[in-house]
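Please keep the sequence and the structure in view while working through them.

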Amino acid sequence: MTTLPPETGKKLGLVIDLDICVGCQACVTSCKEWNTGGHSAPLSDHDPYGADPSGAWLNRVHSYEYEKAGVSRTVHFPRSCLHCEEPACVTVCPTGASYKRIEDGIVLVNPDTCIGCKLCSWACPYGAREYDHDDGVMKKCTLCVDRIYNETIPEEDRVPSCVRACPTGARAFGDLGDPDSAVSKSVAAREGFGLLEEFGYKPVNRYLPPREAAPRAVVAEPQGETASLPNPRSAVERLFAWADRALSH
Amino acid sequence: MSAEPVVNLNQPVADRVAKTTCYMCACRCGIDVHITDGKVRYIDGNRDHPVNRGVICGKGSAGIMQHYSPARLRAPMRRVGPRGSGEFEEISWDEALALATDWLGEVRRSDPRRLAFFTGRDQSQSLTGFWAMQYGTPNFAAHGGFCSVNMAAGGLYTFGGAFWEFGDPDWDLTKYFMLFGVAEDHASNPIKIGIGKLKSRGAKVVSINPVRTGYNAVADEWVGIRPGTDGLFVGALIHELFRTRQVDLDYLIRYTNAPWLVIEAPGAADDGLFARDEAGAPLVWDKASGGLASGLGPDVQPVLTGRRTLADGRMARPVFELMAERYLDPTYSPEAVAEGTGVPAEQIRRLAAEIAHVAFREEIVLDQPWTDWTGRRHEKMIGRPVSMHAMRGISAHSNGFQTCRMIHILQILLGSIDCPGGFRYKPPYPRQAPPWLLPHGASRDVRPDEPLGGPHLGFPLGPQHLLLNEDDSPARIDKGFSWDAPMSAHGLMHMVINNAATKDPYGIDVLFMYMANMAWNSSMNVGGTIEALTRKDENGDYVIPKIIYSDSYYSETVPYADLILPDTTYLERWDCISLLDRPISEADMAADSIRWPVVEPDRDVRGFQEVLIDLGGRLGLPAFTNADGSPKYPGGYPDYIVNHQRKPGIGPLAGWRGADGTKTGNGAPNPQQLDRYIENGSFFAHHLKPEQAYFKHANRDYLTWAVEMGFRTVPLPTIFQLYSEPVQAFRLAAEGHGTRQPPETHRARIARYFDPLPFWYPPFEGSLVDEALYPLHAITQRPMHMYHSWGSQNAWLRQITAANRLYIHHDLGAQTGVTDDDWVWLASHLGRVKCQVRLMEGVNPDTVWTWNAIGKRRGAWNLSDDAPEMKEGFLLNHLISELLPKGGGGYRYSNSDPITGQAAWFDLRVNIAPADGAGATEPMFEPLGHAQLPPAPGKLAYGSQFRKAKT
Amino acid sequence: MHPAYSVIFFTTSSGAGYGLLFWLSLLHAAGGAPDGRWSLLAILVMALVLITLGLLASTLHLGHPERAIGALSQWRSSWLSREGLAALATYVPAGLLALVWLFGIGTAWSVPLALLSAAGAVATVYCTGMIYASLPTIREWNMPMVPAIYLVLTAASGALILATLLALFGAASGWVALLTIATLMAAAALKWLYWARIDANPGKYTDEMAIGIPGASAIRQLDPPHTRPNYVMREMGYLVGRKHARRLRRIALASLCGLPLLLVLLALLWHAAAPFLLIVATLSAAVGLLIERWLFFAEASHVSMLYYGRKRA
Ligand SMILES: Nc1nc2c(c(=O)[nH]1)N[C@H]1C(S)=C(S)[C@@H](COP(=O)(O)OP(=O)(O)OC[C@H]3O[C@@H](n4cnc5c(=O)[nH]c(N)nc54)[C@H](O)[C@@H]3O)O[C@H]1N2
Ligand SMILES: Nc1nc2c(c(=O)[nH]1)N[C@H]1C(S)=C(S)[C@@H](COP(=O)(O)OP(=O)(O)OC[C@H]3O[C@@H](n4cnc5c(=O)[nH]c(N)nc54)[C@H](O)[C@@H]3O)O[C@H]1N2
Ligand code: SF4
Ligand code: SF4
Ligand code: SF4
Ligand code: SF4
Ligand code: SF4
Ligand SMILES: [Mo]
């Protein structure tokens, strides 16, 4: 299975709006709780109450400061698997446990055949694969494949857990292969970009850049009509005169 | 080539879904708890819920790990070793309740004042307050005094609402949003949903905050203000609005006391009070009649300017004039405030012009007729789409009350309170400004074995309403409603332990606390608080003789209590989030909600409210006992929720009242009420009609409905108090008028800070310490994914944050010669803390900050002694003194706002110096004993059981 | 990259085994092998033991060694799969050769079997090298030189062991010694070149590319996603300090090539001490090889670390 499908039916993925993300970590813990009981259950934790707590997480949020046009900004930056179109994380896998679904392009690990050699995680430039020491297999974002088609849950909930959770609405899910999908349109409108495109894996997930605030129209001293008031007068007197006149209309 | 493996795409999530209310924080979102084999499989947001509309935050999603925390208490415990040793013996509930009844009963029979009952982050204050009233002690409050009472009092005294949970920006319509001093707030999900909406719509978000993270990072404009100077900044915005004559005069006349005449008679006992007619109505100058008239009349046409002569020949001026003069004073010009605030004058001018532009040139007109309180019909609703929100960045300063009032004045000048696109009240708000509710608990009201005459907390209108003893000393242990903090609408929980230990104003016998980690992150001066909890008298007895505490987890406070009443987790108990307390209403609906036990406790624990009602019966408190002495609510808390009536027809829950469940708000108890709530997702929401949705302070249809619901007593409007007469009443006393005057130690302070028109003054700590020695401001922020101390026991959340750093500006790093992860000493006038730094750009250069409540004490929370929380995690609380340094008068005031008693956490002034070597944080306290806890697991594979279930 | 001891041991031990197998086979085919099938067999068994120990060690770092057989399935795309297949395939001629020598039958078969074994050894080690060289995420590995280094180090370590064993069996061969000298020198040269190359290459990927925000510069990580290292940080984030690495490089070269070269030369001149000198040379080379392999991992920087505060990779 390790060879990549020449083409996938859909290109399902996430679109993350960096202009809105406040770094609240909801997508992170929601992902953890869904997936620790889902397709790749469990997502184990080591030393959970001790000195060096760590565990398997499929989604993480960083925060960075950067400069743009001389202005310093802070950005919160969620990261999970980008479900690349041509990822070596799949082709390096010796067992075929790693595969890209032909139907929708989701990159998955088969937890029943993975031998835990970790090679795929070495091949991922995004650090998106997570070895579960306890379970001995590789874990990764499943794009919540066990939610998005799940007929036992209401249709409106058939979206990834992280998208369902995100309080600000910074995350969207859809078919990025379909130019008419809502996600593709927002990517087109906002000049969405992929991460480390130079690398050549053709990531599917897109990011919408922080917006530049548009300058706003202002009229500095709109009540210019008080020019007719005799000068010079103090600001207080001008205000009172204006208030009197305004109220006598 | 093998085929793709088969993935079960249709695995059912769980056996069942139970809809209840989250309590991973105070936001009270609706959650769907998915349960398999009695174990929680998944928690997500309830799509129908008014608060979160389906989304869930980082904490809420980690609820599973909170619920299964290894730090959960397991059974009632009685202390057997010394306080702090953590040596307890487990006892039965019968023993625990008998012991508590014994301790509490004795105090009630002798002197009820000797019980201090403080309930921390309590969501059931309508019950706990009522219980305390029934008990008869004056000493009750929850956490509001150390949290954000400045926002509550500032708002309620000004316009009968407040930012603090009592209102929201009009997220759907606002075009310009200003966020003052907020990192996360109680409205955790609603703010996130709202900011998402604004950003998607292209509305402008301006953040005023010394730190640029979280919400403030996505703001379109960041104003990195110097802490404690917002009053200057807002004053300058007001200055600009007045200077450019961009204020909503009609709105001022219609809804505010701007035209009311203020007596100008320096030295007189009524100087600065409103001129009133014989009926007590404030006077205005009426243009129509060309004379004085009642400002409350529906048909007056008041003017805003002109010094007028009163009937007695004295002079009076409208509030508008006084206000304009105050803010047009050059001290509030953008140029004058630029240095103090660190905000350039031209930026302030531009921001003022922008808000004015949006308010007056981008107004919103809704085609929605409505009728005002006078009966006048208005064809349209006109909105000024500028909205604001503020929280602890404003309130946690000693000038917070006045600064908060100033922000409200800014809103009101723009005409943006409860209009489309502005700030919107949530029912039961607006109340009257201030609410018609006086505090109770003066010494004459306190009698053995008798309930108090009314609720503890309220809104004094002057010195006559203070809670004092015959000798004018404070009647309350926290000195609330005394000259120390006359308008302390939420009490001063942060002073209780210290005052009790120093017996100032008096000693107590029992300290009874619930849900507050007072021996750690919620106290100022942690070391001093621990010392107070363990202080002994000359006989070797504890000065605070008995401490009863209810917690769910092994927090830092548990080992200091003598009797532990272990609470359940939030998924295991009944709860009631009532309109009588702090409800979950949204702007266009009145709503309340419940929690119910969706999973069974596996420990010998009981819901605290359950226990309180039980104790009420055992103590024979009138409202909790039948005439024959039997308990009134044998069915416990659910029984109380359904059957208790505060007034006939009004009970804890508003939904499905009346015997058949058809009544809303007012109706007989309905035995099926809780079932209806559970069926409906554990909440009830009554939606307002479109004509009631705005201008609620003056909207006849809304006001009449509010009276029916019992929110208000009369359908009269709320008139915005730009000028606050109660504040002036206190000042007059300080100026020597009236029979009740402040003691000499307090006189100058009251005279100065009780200004009826808000003004800016420097925060106290900065003016009392040598600013050259402590040049920096130090503040904290809440991490969005952690709730105070609760989060660190959570196996998932602590993987995100298990240690904190001190964030400092690059320039400060360069000056100090430190860089990322270097250890430094951070020192204040109280002490010093050793911690590690992280450099950043997005912080006010004179400010350092850290995440709140990450540091933990060894022995607590069932974490190992070498956990990062213990070794690297640190609190600023060690540096914050609960008492100010001695000022001129030699009296040590509490480190609080002089008006409300709000704890001034963010006044802290510090300096920084490199520390030698590495090691661990300091101060480092002795580890707490914790023999009662089971060992915490070395690894977790939560969820593997669900995978097995699958195959 | 995190230097996992199991992988270090695997690649060095089985590498040496394959080298030994390779040279033994060639020697045999060229007719230069010592007489007597027992010494041949002993050397062959030695090779197979080194190979097998290495392979077993490599399964130690697997999460599910019991499923290892599945790793043979993806030879179309996976160098790891190919390596596994090549390793297994090599066992066939090598095993048969062992049988031939054990039972002393059909000597006509031994040369083709030896040639096949040699080819298998080359193929396997080449695949091992390609596992690393094919990873574009790690610039210190993603070089054509890497399989060459693996091959030449295999050759050198195999030759040295062969020389040692022959000396022990009293069949020291000047040719093998020269071979050893040549391969050790080649190894030193290649490694030298390799280090020069990786030092000269700052990495073509930047944190700006990683974050991707158009126009963003001067990126600094404010808060990492976790305050304690996670899997990615532990596995990909390991990076040995520059100074430390330099010192280790010198030590590695000295003990892998320098000292063995001297000792082999000495052994050529002083026959009587040859077995002892060569054993010392082998041990020294083994230490050098382990250090070299440790460095191979510890000096490798992973692109994903751009998200954790590194500027280039
Ligand atoms: N430096 C600094 N200090 C601060 C602040 C700051 O900004 N900076 N903020 C202050 C403010 S505003 C506040 S409100 C306080 C908050 O401080 P606290 O109110 O003390 O908040 P928590 O740390 O959450 O502690 C509450 C206690 O409730 C317990 N608990 C949790 N769930 C339950 C339950 O279901 N039942 C019971 N019975 N107990 C439970 C927890 O175990 C914990 O011991 O901190 C204050 N301290
Ligand atoms: N996730 C999470 N949510 C919580 C809590 C929690 O612990 N965790 N706690 C709850 C509680 S009890 C409360 S009270 C609320 C509090 O919610 P917030 O009001 O958001 O309280 P803080 O996190 O203390 O944030 C204070 C903000 O004010 C800024 N600030 C400090 N001084 C000044 C100043 O002088 N001027 C201005 N403009 N800004 C200033 C700080 O940088 C910080 O961003 O949050 C509630 N919600
Ligand atoms: S992000 Fe990484 S794991 Fe995901 S498909 Fe791309 S290379 Fe593979
Ligand atoms: S760890 Fe599992 S999925 Fe990854 S390459 Fe190895 S076998 Fe394949
Ligand atoms: S799509 Fe699912 S698995 Fe992937 S990050 Fe979101 S929640 Fe996690
Ligand atoms: S849940 Fe949404 S806002 Fe929160 S960190 Fe994730 S993407 Fe950002
Ligand atoms: S905001 Fe608070 S109440 Fe709402 S889901 Fe999060 S933790 Fe729960
Ligand atoms: Mo609070």
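In what kind of crossing does α3(C) pass α4(C)? The points below begin with that matter and then turn to other parts of this predicted model.

1. Helices α3 and α4 of chain C. The crossing in which α3(C) passes α4(C) is left-handed. Helix α4 covers residues 110-133 of chain C, and α3(C) packs against it at an angle of about 160 degrees, the two axes being 8 Å apart. Angles over 145 degrees count as roughly antiparallel, and α3(C) is therefore roughly antiparallel to α4(C). Sorted by class, the residues in the contact of α3(C) with α4(C) are 19 nonpolar, six polar and two charged.

2. Helices α2 and α3 of chain C. Helix α3 (residues 79-103) of chain C also packs with helix α2 (residues 37-60) of chain C. Their axes come within 9 Å and cross at roughly 155 degrees, so α2(C) and α3(C) are roughly antiparallel to each other. The crossing of α2(C) past α3(C) is left-handed. On the side of α2(C), the residues in contact include Trp38(C), Leu41(C), Leu44(C), Leu48(C) and Ile51(C). On the side of α3(C), they include Ala87(C), Tyr91(C), Leu97(C) and Trp101(C). The residues of this contact divide into 15 nonpolar, one polar and one charged.

3. Helices α17 and α18 of chain B. Two packed helices are described by the angle between their axes and by the distance between those axes. In chain B, helix α17 (residues 608-619) and helix α18 (residues 636-643) have axes 8 Å apart and pack at an angle of about 80 degrees. Angles of 65 to 115 degrees count as roughly perpendicular, and α17(B) and α18(B) are therefore roughly perpendicular to each other. From α17(B), the contact is made by Gln609(B), Glu610(B) and Ile613(B). From α18(B), the residues are Gly636(B), Tyr637(B), Pro638(B) and Tyr640(B). By class, the contact of α17(B) with α18(B) has four nonpolar residues, two polar and one charged.

4. The interface of chains A and B. The size of an interface is often given as the accessible area lost when the parts come together. Between chain B and chain A, the buried area is about 7,800 Å², and carbon and sulfur atoms give 56% of that area. Chain B contributes 100 residues to the contact and chain A contributes 87 residues. Eight salt bridges are counted between chain B and chain A. Lys939(B) and Asp134(A) form a salt bridge in which the closest N and O atoms are 2.7 Å apart.

5. The interface of chains B and C. Chain C and chain B bury an area of about 990 Å² between them, of which 42% comes from carbon and sulfur atoms. Nine residues of chain C and 17 residues of chain B take part in the contact. Three salt bridges are found across the interface of chain C and chain B. Arg838(B) and Asp223(C) form a salt bridge, with 2.9 Å between the closest N and O atoms.

6. Cis peptide bonds. The peptide bond that joins Ala41(A) and Pro42(A) is cis, with omega about -10 degrees. Pro42(A) is placed in the loop between α1 (26-35) and β2 (45-46) of chain A. Another cis peptide bond runs from Tyr429(B) to Pro430(B), where omega is near 5 degrees. Pro430(B) is placed in the loop between β22 (423-425) and α15 (493-502) of chain B.

7. A positive phi angle. Which phi does Glu191(A) have? Although Glu191(A) is not a glycine, its phi is positive, at about 55 degrees. Glu191(A) is found in the loop between α6 (182-190) and β11 (206-208) of chain A.

How values were computed
Residues numbered from 1 in each chain as written. Chains lettered and ligands numbered in written order. Predicted model: local features only at pLDDT ≥ 70, side-chain atom pairs only at ≥ 80, totals over all residues. Heavy atoms only, no water. Axes fitted to C-alpha atoms, helices over the stretch in contact; angles between N-to-C directions. Helix = DSSP H or I, 4+ residues; strand = E, 2+ residues; numbered from the N terminus. Parallel < 35°, antiparallel > 145°, perpendicular 65-115°, else oblique. Left-handed = near helix turned anticlockwise from the far one by under 90°. Contact = heavy atoms within 4.5 Å. Nonpolar A, V, L, I, M, F, W, Y, C, P; charged D, E, K, R; others polar. Buried area = accessible area lost by both parts, 1.4 Å probe. Salt bridge = Lys/Arg side-chain N within 4 Å of Asp/Glu carboxyl O.
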